[in-house]
Amino acid sequence: MVFEEARVLDPVAVPAAAPESVGSPLLWAVSIAALVFLLVIDFAVTRRPHEVKLGEAVGWSVFYIVLPVLFGFWLWAAYGGTQSLEFFTGYVVEKSLSVDNLFVFMLLLTAFAVPEALHQRALLYGIVGALVLRGVFIAMGAALLQAGTWAFLLFGAILLATGGKILRDAVKGRQEQERDVSEMRSVRLLRRLMPVTDEYRGGKLSVVEGGRRMLTPLAVVVVALFATDVVFAVDSVPAVYGITEDPYLVFTTNAFALLGLRALYFVLRTTLSKLAHLDYGLALILVLIGLKLVLHWAHGIWPAVPEVPTLVSLLAIVVILGTVTLTSLHARRAALRRSSGD
């Protein structure tokens, strides 16, 4: 009897109570339908490959920023400030991580010499792959959280390890990352399995030439994008679970952050290279949320251990992003002054 009572009180062994979610079946259905509708619009826009002008990119970026803001205010009116604050904080985290995602997309498109007119379609394939993978990881995360509070410790460890790796890579520079991009195992395997045409064939992923099916370089790019999507899903889903345990809010923060990536890419592609300290900021954000998850796990065992409020997390994330942006711009101006002096 004593053994059974001790086992019941063990917070690591006891499955966690299912978090109360705002996502009713109807709300899930409406949200997924709206997501599919927006993706259909994106595919229609990119049906005819064309070079994206800055005005078009800014317009779509504003649209995809206004949508989550309106959704967050709707959450506030319908469910209260807590859910709205968790959504906005999770959205800021996901959007921050997606900027680094964009940098890798940029490296891939450059490494494979993707024509400018095909950038939109390639990015859209990458975003769809990311959405599917995030959905899978979100469902897995929800199951882990219900299996036991140890999931918070696992997520925290993943984020702490990822933050440390990003910090090490930032110190070394991006050259190593660029070499990895051009030698991805998934791409090498794909080239062994099927022949690849020498040139792009518009927006087609495969063509029939000489009586045999061949992949186009665009298909190879898409596979490379999907491979990087897996890595970013492993990072981002635990990160937003550190903000909210509601799977619906986790899903919507990821969906809104990813939907605007295609347009944001064309707005920021010249700016991203100027944010030399961005990876330092992302590493700090992941470490911060990792510690938040570990403290949340420890609080369930030892109530005296403090937790990090969501508002504090949001303010810290904003401060970190603002700081690395300012330091990056300062470092760039200093480099320009030195080069002009030489």
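Tutor: Let us begin with one residue; please bear in mind that the model is predicted. Asn254 touches Glu94, Arg134, Ile138, Ser236 and Val240, leaving aside residues up to four places away in sequence.

Student: Is Asn254 buried or exposed?

Tutor: Asn254 is found in helix α10, residues 247-259. Buried means under 20% relative accessible area. Asn254 has 1% relative accessibility, so Asn254 counts as buried.

Student: Which helices does the salt bridge of Glu94 and Arg134 link?

Tutor: The side chains of Glu94 and Arg134 meet at 3.5 Å, N to O. Glu94 is buried, with a relative accessible area of 2%, and Arg134 is buried too, at 5%. The two residues are 40 apart in the chain and belong to helix α4 (residues 81-111) and helix α5 (residues 119-147).

Student: Which residues form the salt bridge with the N to O distance of 2.7 Å?

Tutor: A search of the whole structure finds two salt bridges. In the one asked about, Arg201 is partly exposed at 26% relative accessibility, and Glu209 is partly exposed at 29%. The side chains that meet at 2.7 Å are those of Arg201 and Glu209.

Definitions and conventions:
Residues numbered from 1 in each chain as written. Predicted model: local features only at pLDDT ≥ 70, side-chain atom pairs only at ≥ 80, totals over all residues. Heavy atoms only, no water. Helix = DSSP H or I, 4+ residues; strand = E, 2+ residues; numbered from the N terminus. Buried < 20%, exposed > 50% of the residue type's maximum accessible area, 1.4 Å probe, protein only. Contact = heavy atoms within 4.5 Å. Salt bridge = Lys/Arg side-chain N within 4 Å of Asp/Glu carboxyl O.
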